[in-house]
Amino acid sequence: MADRLWTNARLATMTGPALGIIEHAAIACEDGVITYAGPAGDAPPARETIDCAGRWITPGLIDCHTHLVYAGDRAHEFELRLAGASYEEIARAGGGIVSTMRATRAASEDELVAAALPRLDALLAEGVTTIEIKSGYGLDPGSEARLLRAARKLGAARDVSVTTTFLGAHALPPEYAGDPDGYIAQVCDVMLPAIAREGLADAVDAFCEGIGFTPAQTERVFAAAARHTLPVKLHAEQLSNLHGAALAARHKALSADHLEYLDDAGIAAMAAAGTVATLLPGAYYFTRETRLPPIAALRAAGVPIALATDSNPGTSPLTSLLLVLNMGATLFRLTVDEVLRAVTVNAARAIGRADAIGTLEPGKQCDLAIWNVQRPAELVYRFGFNPLHTRIRRGK
């Protein structure tokens, strides 16, 4: 007998190549794990039964790329961009990531948690049950560890699964001005070993870009991650093509993210490695980028596509994954099936958790989003509208 059974439902299981729709369906769980997902007539008995009144159930949504923990804001930089300054010009003038670094270094762990909770709550209210949170706004050993501890505390403060990513190689801090190799040495030889010993990170990321770090420096970070048996991800090809995606693929990266300037060689490498393409339409929109990621080529090569908010203070101050669905369709020309898979099954792959979440099938964690919609396309079609009926995590 199952602990709990949701019946009179319609399921979008995300199994198979499309949405995996099952009409007149039910889903059961025991001890927080799905034990049945299929036709209602074959469902097992349960101690508690919930009538879903014909509502749709999808897997709980997954935001697989965020920078949710930071202090301060960058509204002034937004004004500068509206006046014509580029992201790169602002960064080189001491703004950008380094601006947030100053505010973040001055904040305590509890202050960082308090600042991030409203952002997290906005995402949970739209059906998010798992979120990835990166460091990268401390850029020194103590501050980077503090960011990751704060991210872990968010998972304890709210009923949500948090995966953490160490992004020490996000920008060059002022104390290492003119010495990026020296800073990368600190990331690899000081920060990463300490973070690994404390178990603070589930993955390692870097920003491979002209205003970030070179492919050679990124490779050093990836080699250090391998020494600590941590998987890697990469901010790649956002502003230019440094062939970071191909580098990431050579290291069997979970994902390469942004990708507006991705080329055919990078796509082929990602396809061969199974690296997920995580696209971030919020940053594309907010920075007024005009070059689209190569969607058709990614699709043709069979590269899995994920979508995420990239929630951050400078280039995507966004806390709505539902809006990302619409942006993925309207800005990037993705289909309804593609965008819904992009925040469930493919997002799970992008954080290395495809074995546990992202689909509705026996053996997976019972993370559900139950929706007041008539068809799944409504989740993509409407924006400024939240049709969530109930969010279920681990069966509760």
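**Salt bridges and cysteines**

Modeller: Happy to. R299 and E338 form a salt bridge, with their closest N and O atoms 2.6 Å apart; the term means a side-chain nitrogen of Lys or Arg within 4 Å of a carboxyl oxygen of Asp or Glu. The pair links distant parts of the chain, R299 in helix α11 (residues 295-301) and E338 in helix α13 (residues 336-342), 39 residues apart. Helices (H or I, at least four residues) and strands (E, at least two) are DSSP runs numbered from the N terminus.

Biologist: What should I know about the model and the numbering?

Modeller: This is a predicted model, where local features need pLDDT of at least 70 and side-chain atom pairs count only at pLDDT 80 or more, while totals for chains, interfaces and linings use all residues. Residues are numbered from 1 along each chain as its sequence is written, and side-chain values use heavy atoms, with hydrogens and water left out.

Biologist: Thanks! Is R299 buried or partly exposed?

Modeller: R299 counts as partly exposed, because its relative accessibility is 37%. Buried means under 20% relative accessible area, exposed over 50%, and partly exposed in between (1.4 Å probe, protein chains only).

Biologist: And how many salt bridges does a search of the whole structure find?

Modeller: It finds 16 salt bridges. One of them joins the side chains of K134 and D205 at 2.8 Å, N to O. K134 lies in strand β7 (residues 128-134) and D205 in strand β9 (residues 203-208), so this pair ties together parts 71 residues apart in sequence.

Biologist: How accessible are K134 and D205?

Modeller: K134 counts as buried at 1% relative accessibility, and D205 is buried at 1% too.

Biologist: What about E198 and R149?

Modeller: Their side chains meet in a salt bridge of 2.7 Å, N to O. E198 sits in helix α6 (residues 180-198) and R149 in helix α5 (residues 141-157), 49 residues apart. E198 is partly exposed at 42% relative accessibility, and R149 is partly exposed at 28%.

Biologist: Switching topic: how many disulfides are there?

Modeller: The search of the whole structure finds 0 disulfides, the cut-off being a pair of cysteine sulfur atoms within 2.5 Å.
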